[in-house]
Amino acid sequence: MNGISTLGRGIDFLELRFLGAAREVGKSCVAVDTGELRVALDCGMKVHDHNEAPALDKLRFDACILSHAHLDHSGGLPVLYKHENPPTFCTFPTIPMTTLLLEDSEKLAQINGHELPYRRTDTMKLYRKFTPLPYNTPYEFFEGSSFEFYDAGHIPGSAGILFESKAQGKKKSVFYTGDFNSGETRLLPKAKFPRDGVNAVVVESTYAFREHTERAALERKFINSVEDCLADGYTALVSSFAVGRSQEVMLVLKSLLHSKTKTYLDGMSQKVCTILADYPSYVKNYKAFADAVKSLSFVNGGAMRKRIAQKPCVILTTSGMLEGGPILNYLKTLNKSGKGKIFLTGFQVEGTNGRKLLDGEPLSVDGGEMDVQMPFEHFDFSAHASAKQLRDAIRRMNPEKVFCVHGDSCGAFAEDLRENGGFDAFAPALGEKHAI
Ligand SMILES: [Zn+2]
Ligand SMILES: [Zn+2]
């Protein structure tokens, strides 16, 4: 711990500085300053926008607390290690999952000739400083400052972070939600929150004004559509994010699809399943999860890819936004044969191939353009709280101040919370500081 480095800045309250995901999604990062130490809550990267990391402005950090493995929260972590060596606290499965995603992002950057804002040695320093902690266990990591992880129900190991400081005789607390889901899914229990009484909440705003289709109805519609596709002699190509979404979709397929249907799993999701086998308590029902894994065949290599795409079957694979991974191989084969249908299962960010498909534009593949002739359908198996769930969570915690981040309508969300909820709510701009 190098807390001494930040001593004596004369701050007599908790100060939040918004270094990313401010009125946008990507590079999540909030600096929390107690006057005695400075902590980064997340340090993400804008993966689909030139790998941009938070501008840390030569800020020194005594620790980082990571909410979950997704790269928009973790991708910029190595940047913290350019000049320093602070601990990064997170839950147990977040370590191997973040490592997996960072390794993949470095590999992709190398293949595509993109530059990352850090060096390999910075990543290696981070790996040595990962420090795992369980949920629901307050940890005083510096005299007078503690934090606790709350299960966020978003992906396995995801956490909301309650940070408390008793610096200079005053007790102040902030709850950083990270990404969360208050709805129970097949894979995970719903998010948990601290009781009434926190001073401030930093809340994600992804679905600030959108409700989700009721989950059972969405699952039924998805399965009916997959079954129709198979009955027509087509291959169902299901694109899915490696961490969380693939495992959720696996459980849906296992529960509702005819047990004789040949189903394959390809891409990075395979490794995530292997990681989760080491952390069985981080999924809701491990037996159901293990059964779902057993019901799938893992795809191994290009020859097998070519072979399985010849017959009607279900192929669940990465990437979730058609940006890379085995899905591109399948797309090429099935687009040519005219025997496939694409199922998108998550949000498609602007500029990605997934978004281009939805907008009827050609995809960017291997440096050229690809006109997709296959039919496609979009099912939003969201792992984020809906508009109502966001407001319910805030009302339950009843904070003095609310800061809306991680969304494309943060400003309107803050305004709505002020006018209809009576909260002192803000949508901080990049770099903005607030005392609590
Ligand atoms: Zn996330
Ligand atoms: Zn996120």
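Predicted model: local features only at pLDDT ≥ 70, side-chain atom pairs only at ≥ 80, totals over all residues.
## Ground rules

Buried here means under 20% relative accessible area, exposed means over 50%, and partly exposed is anything in between, using a 1.4 Å probe and protein chains only.

Residues are numbered from 1 along each chain as its sequence is written, chains are lettered from A and ligands numbered from 1 in the order in which they are written, and side-chain values use heavy atoms, with hydrogens and water left out.

Start with the metals. A donor is an N, O or S atom within 2.8 Å of the metal (3.2 Å for Na, K and Ca), and since water is not among the atoms, sites may look incomplete. The zinc ion (ligand 1) is held by His68 (NE2), His70 (ND1), His154 (NE2) and Asp179 (OD), at 2.2 to 2.3 Å. Asp179 coordinates both ions, which sit 3.6 Å apart.

Now the geometry. Four donors count as tetrahedral if all angles lie between 85 and 135 degrees; four count as square planar and six as octahedral if opposite donors are over 155 degrees apart and all others between 65 and 115; anything else is irregular. The site of the zinc ion (ligand 1) comes out irregular, with angles of 91 to 165° among its four donor atoms. For reference, ideal angles at a metal are 109.5 degrees for four tetrahedral donors.

## Where the donors come from

Along the chain, the donor spacing is H-x1-H-x83-H-x24-D for the zinc ion (ligand 1). Within that set, His68 in the loop between strand S4 (63-65) and H1 and His154 in the loop between S8 and S9 link distant parts of the chain, 86 residues apart. Helices (H or I, at least four residues) and strands (E, at least two) are DSSP runs, numbered from the N terminus. Both of these histidines are buried: His68 at 1% relative accessibility and His154 at 5%.

His73 and Asp179 are both buried.

## The sheet

Seven strands make an open sheet with mixed pairing, in the order S7-S8-S9-S10-S11-S20-S21. Its edge strands are S7 (139-142) and S21 (424-426), each pairing on one side only, and the twist averages 20° from one strand to the next. Two strands pair if DSSP finds at least two bridges between them. Strand S8 (residues 145-151) and strand S9 (residues 159-165) run antiparallel over seven bridges. Phe149 has Ile161 in S9 as its bridge partner.

## Aromatic rings

Rings of Phe, Tyr and Trp (its six-membered ring) pair if their centres lie within 6.5 Å; planes under 30 degrees apart count as stacked, over 60 as edge-to-face and the rest as tilted. The structure holds 21 such aromatic pairs. Phe180 and Phe193 have ring centres 5.3 Å apart and planes at 85°, so this pair is edge-to-face. Both residues lie in the loop between strand S10 (172-176) and strand S11 (200-204), so the pair ties together parts that are 13 residues apart in sequence. Phe180 is buried, at 1% relative accessible area.

Tyr286 and Phe289 make a tilted pair, because their centres are 5.8 Å apart and their planes at 50°. The two sit three residues apart in helix H7 (residues 286-294), about one turn of the helix. Tyr286 is partly exposed at 27%, whereas Phe289 is buried at 1%. Elsewhere, Phe89, Tyr139, Phe141, Phe147, Phe149 and Phe163 form one aromatic cluster.

## Charges over rings

A charge sits over a ring if NZ of Lys or CZ of Arg is within 6 Å of the ring centre and within 35 degrees of the ring normal. The charged end of Arg210 sits over the ring of Tyr207, 4.4 Å from its centre. Arg391 lies over the face of Phe209, 5.2 Å from the ring centre.

Key: Axes fitted to C-alpha atoms, helices over the stretch in contact; angles between N-to-C directions.
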